[in-house]
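Me: I have a structure open and I'm new to it. Can you walk me through it?

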Amino acid sequence: MDALLATIPSPDRGVWYLGPLPIRAYALCIIAGIIVAIWWGERRWVERGGIKGEVTDIAVWAVPFGLVGGRLYHVITDNQKYFGPGKNPLAALEIWNGGLGIWGAIALGAVGAWIGCRRRGIPLPAMADALAPGIVVAQAIGRLGNYFNQELYGGDTTLPWGLEIYRRVTPEGREDALAGIAIDHTPIQIVHPTFLYELVWNLGVALLIVWADRKFRLGHGRVFALYVAGYTAGRFWIELMRTDEATLILGTRVNVFVSALVFFGAVAYFIIARSRGEREDVAAMRGTTEAGVAGEAEPDEAETAETTQAEGVAAEGDAEKKNSPESVKPE
């Protein structure tokens, strides 16, 4: 009984209705995470010498690409949920019901960010370093959506922070963990809240990379690489605890393998990028570019001035020559 009182209760629902309009906690958490990532990224970018508003411009490209990439990864790796006998393929488009793979979101989001950076003449590694802490905090906020959806949890536990899982039903009496409401708050299961473990881990990663960035003045994409390495290290062991349905490779969840591969790739980049030196100065890079443009214009102006002066001297010489006695001839 004491253990039961110490456990974490789940919300009774994940969807509220404003008239016919559904307000989904998962979507609100994703939106809140995006806002935090842009706000914090903007501040860090300006501190690095960037111009206010540039992060928002990049986000216009990165966010839609990231959402599409996250959903594609989820649908590909969990295709059994949407395709096959008795499945509804159109449900793959229902992003509001949960299901975003961070690997696809970061990969395709990076493509969108690259397009935005290229259009603005901004080096992508420098922008990625500014955005890294905000991205991992956004992931932490997004995990709250899993809490409201009663998803992404682990096996049974008797630990005091175990998560209570309730049976949710629709008004018609149909069981539905996402759209239903828990009428009876007697838990049908008490499990490891792996979403909470990842949320806390992500916040720790954010603190780590901010500290390392300030102490060692990391640049050239090394802050972003440290974020990826830190996140995947945690995702590896948390993924092993999860019990929700997933695609398996050799009896192991596919995201365990992905976490390991991405971790080693991030560590390798972090080490290799060290040879590029200290953090790049975005303001200096911008100033160098402007000075280069101005430098190209200055010789033209100098050449014009010299040409004008030479023409003036030549004109004076012609006038003196014309008025000299030798130049006057008898008719």
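Me: What does the pLDDT average for the protein chain?
Reply: The average is 87, and 85% of the residues score at least 70.

Me: Where does pLDDT stay under 50 with zero contacts beyond four places in sequence?
Reply: That is residues 289–308. Residues 321–331 also stay under 50, and for them the model has two contacts beyond four places in sequence. Where pLDDT is low, the predicted coordinates should not be read in detail.

Me: OK. How much of the chain is buried?
Reply: Of its 331 residues, 39% count as buried. The chain exposes about 18,700 Å², with carbon and sulfur atoms supplying 66% of that area.

Me: Now α6. How many residues does it have?
Reply: Helix α6 has 23 residues, 194–216. From first C-alpha to last it reaches 32 Å, close to the 33 Å expected at 1.5 Å a residue.

Me: What do the buried residues of α6 pack against?
Reply: They pack against α2 (25–47), α5 (124–149), β3 (163–165) and α7 (222–241). Among the buried residues of α6 are Phe195, Leu199, Val205 and Ile209. Those of α2 include Tyr26, Cys29, Gly33 and Trp45.

Me: What happens just after α6?
Reply: Arginine 217 takes a positive phi of about 50 degrees there. Just after α2, glycine 49 also has a positive phi, about 105 degrees.

Me: Switching to rings. How many aromatic pairs are there?
Reply: The count comes to nine aromatic pairs. In one of them, tryptophan 211 and phenylalanine 216 have ring centres 5.8 Å apart and planes at 90 degrees, so the pair is edge-to-face.

Me: Which residues form an aromatic cluster?
Reply: Trp16, Tyr147, Phe148 and Phe195 form one. Phe195 is also one of the buried residues of α6.

Me: And what lies over the face of phenylalanine 270?
Reply: Arginine 222 does, at 4.1 Å from the ring centre.

Definitions and conventions
Residues are numbered from 1 along each chain as its sequence is written. This is a predicted model: local features need pLDDT of at least 70, side-chain atom pairs count only at pLDDT 80 or more; totals for chains, interfaces and linings use all residues. Side-chain values use heavy atoms; hydrogens and water are left out. Helices (H or I, at least four residues) and strands (E, at least two) are DSSP runs, numbered from the N terminus. The expected span of a helix is 1.5 Å times one less than its number of residues. Buried means under 20% relative accessible area, exposed over 50%, partly exposed in between (1.4 Å probe, protein chains only). Contact means heavy atoms within 4.5 Å. pLDDT is the predictor's confidence in each residue, from 0 to 100. Accessible areas come from the Shrake-Rupley method with a 1.4 Å probe; for residues, only the protein chains shown count as cover. Rings of Phe, Tyr and Trp (its six-membered ring) pair if their centres lie within 6.5 Å; planes under 30 degrees apart count as stacked, over 60 as edge-to-face and the rest as tilted. A charge sits over a ring if NZ of Lys or CZ of Arg is within 6 Å of the ring centre and within 35 degrees of the ring normal.
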